[in-house]
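Colleague: I would like to learn how to read a model such as this one. Could we take a strand pair and then the ligand site?

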Amino acid sequence: MAYTLVIGNKNTSSWSLRPWIAMKSAGIAFEVAKVNLRAADAKQQILAQTPSGKVPALKCDGEVIWDSLAILEFLAETHPEAKLWPQERIARARARAVSCEMHAGFQALRQECPMDFLARAPREVLSDACAADVRRIVALWGECRARFGTGGPFLFGAFSAADAMYAPVVSRFATYVPDLARYGDDGRARDYVAAMLDLPAMQDWGAGAKAELGAKA
Ligand SMILES: N[C@@H](CCC(=O)N[C@@H](CS)C(=O)NCC(=O)O)C(=O)O
């Protein structure tokens, strides 16, 4: 299957990172079509690729699938060998639950701490709403790691779609909230962030972000 993944700017397009890191980590080959979201005609460029008018979108055999979570579901179905969802039923249900919680929530964190992949700018103070989001994520990561994570360093042990969904949050925490102990972390969330930042695919994304910013300077 020939895939083209339409993505935005690597330093800031949080939603684009999700399917990109999943495909890289799962070893699924794809081409990239980049849209500079800061270009004056960005909307037209995106609309030429996907009727949603948003990135990411996955093009495949004349079809287009948009929305990061829908793309992950499509990839998981098309590539069962990649095991993008955990194999065990309850772990899989939980991985979907935490992914949907991410997809539909954490508005305060998204607004206050927009992804800025390469920046390191710790925040001394977060709003109450944003701090509540951070505490909830720390708690859910800790629970996933404790209950399902024995087989590896990721939320459900081996890398899964849930990690792809939270990759932009990992980046936001690295930028703005490096000290997760202040938000109830017992060390599990900190170690999870470190494991995600160590992923070769995550480092590739950072190198790409650097190259894009360098190219513009
Ligand atoms: N729910 C969508 C959201 C996608 C989204 O908001 N993408 C932003 C970039 S990160 C976008 O395309 N913005 C450009 C625009 O709205 O014109 C997903 O998960 O893919």
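Colleague: Which residue stands opposite Glu 63 in β4?

Modeller: Keep in mind that this is a predicted model. Cys 60 is the residue that faces Glu 63.

Colleague: How many bridges join strand β3 to strand β4, and how do the strands run?

Modeller: Strands count as paired if there are at least two bridges between them. Here β3 (residues 57–60) and β4 (residues 63–66) are antiparallel and share 4 bridges. The two strands make a hairpin, with 2 residues between them. In that turn, Asp 61 has a positive phi of about 50 degrees.

Colleague: What polar side-chain or backbone atoms lie at the ligand's nitrogen and oxygen atoms?

Modeller: For a polar contact, look for N or O atoms paired within 3.5 Å. The side chain of Lys 54 places a polar atom 2.8 Å from a ligand oxygen. Val 55 uses a polar backbone atom, 2.8 Å from a ligand nitrogen. Asp 67 has a side-chain N or O atom 2.9 Å from a nitrogen of the ligand. As for cover, the ligand alone exposes 520 Å², and the protein buries 76% of that.

Colleague: Which pocket is the space taken by the ligand?

Modeller: That space is the largest pocket.

Technical notes. Residues numbered from 1 in each chain as written. Predicted model: local features only at pLDDT ≥ 70, side-chain atom pairs only at ≥ 80, totals over all residues. Heavy atoms only, no water. Polar contact = N/O pair within 3.5 Å; in protein donor to acceptor, adjacent residues only side chain to side chain. Areas by Shrake-Rupley, 256 points an atom, 1.4 Å probe, with all protein chains shown as cover. 1 Å grid on protein atoms, 1.4 Å probe; cavity = no way out; pocket = protein on both sides within 12 Å on 5 of 7 lines; lining within 4 Å. Sits in = over half its atoms within 2 Å of the grid points.
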